[in-house]
Amino acid sequence: MKTIIFISFFLLNTYCFSQIDSVGRWFSRAPMPTARQEIAHAILNGKIYVPGGLATGGVGTTTVEAFDPLTNSWSTVAPLPEPLHHLGLAVANGRLYVLGGYSGNSFVPNHKVWSLYPDSNIWREKTPMLISRGAHIAVTFQNKIYVIGGVIMGFTVSGRTDVYDPLLDSWEILANMPTPREHLSGALIDSLIYVAGGRSGAGNFNKLEAYSPLSNIWYSKPNMPTARGGLTAASLNGKLYVFGGETPGVFSQNEEYNPVTNSWKTMTPMKTPRHGIGAVAAGDSIFIIGGGVVEGYSVTNVNDVFTLAPLVLKLNVFVEGFFDPSSNTMIRDTVKVYLQKTFFPFEIVDSSKAYLSNNGFANFKFNKAVSDSGYYLVIKHRNSIETWSSSGYSFTPSLINYDFTTSATKAYGNNLILKGTKYCIYSGDVNQDGFIDGSDLALTDNDAFTFASGYLSTDVTGDNIIDASDLSVIDNNAFNNVIKITP
Ligand SMILES: [Ca+2]
Ligand SMILES: [Ca+2]
């Protein structure tokens, strides 16, 4: 029992360490049907809405498309009443709001507010903003929409902050943001709206400022490591993530601000560096769809996702000596899984330990592997033969389900033994050299002779006693020349 407590503690530590150390990973989902840039994202009823923007050729568009992360599919939504880009977008009170932006193919800010009623799929005009804006941001706090910065009438770069109350359909002027800027980014964490980066005629900003809707006060925060405009931000698990941007070129930077430590950290760069993008958190991930891949005009439809969540292998495997075919259960033990490349020399990419349940199940978590890349699943147990999956498998996008118990063909070289109705990995490789043979028998015989007990590799049956039953399992597999079979 002491051993079991120790193992659990060890696993917990390993898991926590890898979580803290993680700089995240990227994977891709179904691309947006209509490639666009200078767009924003917002999530409503589980769907990510992407309205308007500049389409191919730098043309303003009325297209509205929505992505469903659960089904990895896109649908078309009622078009905007007029083409808009560089617009503000927010969800409040169960409705989607488009606030201002540049109209048509112009760069003239407008002040119109459009609200989508999802049930009727109709855009309705609301009380306009008090001033016209483009290249601003809109962030919701407690069902009110805060509209910050951007280019206002007269082509002035502004720090103007206003709030819209959807229930009253009315506007109010708030305290100006200290640093006037446009093409900026922002997101809410707790009761502060964080605003990062952006630009003015003087160039890019690295400024981070935070607005408190509760006190109508702006606070200065530590500068972002990389000054940039045309970027985007989202919050996830109490932290701010700021992605991409432009000028000069296109930025791949992904920087995390942690309000608790009041510090910045460099995260895994964007898979597709972009500007003119939106970002929105859904579940444990941040979606960044479309944008421009070179400075200025250019459009892409990529749908890249950033997450700190580990990749998970849901594994079902039984260990021959530990398995009881009368109950189809096994004595619990720790198993290690290696993810190895599918081509010579089959490099190890990642590894993870977990404690199998009585039903032979465990979730193995990985932080170094990537989605959409095939890996052999290589199973290691303290006294079983190393066993490889039949072929390479990929996380799609974050999960592999694999069951070694249903067929011999689940293992490379059919290297499994049928016990009752379940296939198990062969037991008896006590010295872990890839062969079950006389040397494993000799080690076990020694321990049996001295009545050794406890968590030993010679305990092939998992009962913490070394005796004839362990020797019997090894002897049988040695007689059958069981060895490791690898590609
Ligand atoms: Ca051996
Ligand atoms: Ca035993």
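Mentor: Domain bounds come from an automatic or database domain assignment. In this predicted model, the chain is divided into domain 1 (2-17 + 310-479) and domain 2 (25-307).

Trainee: How many Å separate the centres of domain 1 and domain 2?

Mentor: Taken over C-alpha atoms, the two centres are 48 Å apart.

Trainee: Next, a helix. Which residues of H3 are buried?

Mentor: The general idea comes first. An α-helix has 3.6 residues a turn, so residues three or four places apart point the same way. Here H3 covers residues 468-479, and its 12 residues reach 16 Å from first C-alpha to last, close to the 16 Å expected at 1.5 Å a residue. Buried in H3 are Asp470, Leu471, Val473, Ile474 and Asn477. These residues lie on the same side of H3 because they cover an arc of only 160 degrees around the axis.

Trainee: What do the buried residues of H3 pack against?

Mentor: Their partner is helix H2 (438-449). On the other side of H3, Ala468 and Phe479 are exposed.

Trainee: Which residue with positive phi follows H3?

Mentor: That is Asn481, with phi near 55 degrees.

Trainee: Now the sheet. What is the order of the strands in the open sheet of four?

Mentor: The order is S2-S3-S6-S7, and the pairing is antiparallel. Strand S2 (42-44) and strand S7 (73-77) are the edge strands, each pairing on one side only. From one strand to the next, the twist averages 35 degrees.

Trainee: How many bridges join strand S6 to S7?

Mentor: Five bridges join S6 (residues 64-68) to S7, and the two run antiparallel. Ala66 stands opposite Ser75 in S7.

Definitions and conventions
Residues are numbered from 1 along each chain as its sequence is written. Chains are lettered from A and ligands numbered from 1 in the order in which they are written. This is a predicted model: local features need pLDDT of at least 70, side-chain atom pairs count only at pLDDT 80 or more; totals for chains, interfaces and linings use all residues. Two strands pair if DSSP finds at least two bridges between them. Axes are lines fitted to C-alpha atoms, for helices over the stretch in contact, and angles run from 0 to 180 degrees between N-to-C directions. The expected span of a helix is 1.5 Å times one less than its number of residues. A residue is buried if 20 or more other C-beta atoms lie within 10 Å of its own, exposed if 12 or fewer, and partly exposed in between; C-beta atoms are placed from the backbone. The arc is that of the directions from the helix axis to the C-beta atoms. Two residues are in contact if their C-beta atoms, placed from the backbone, lie within 7 Å.
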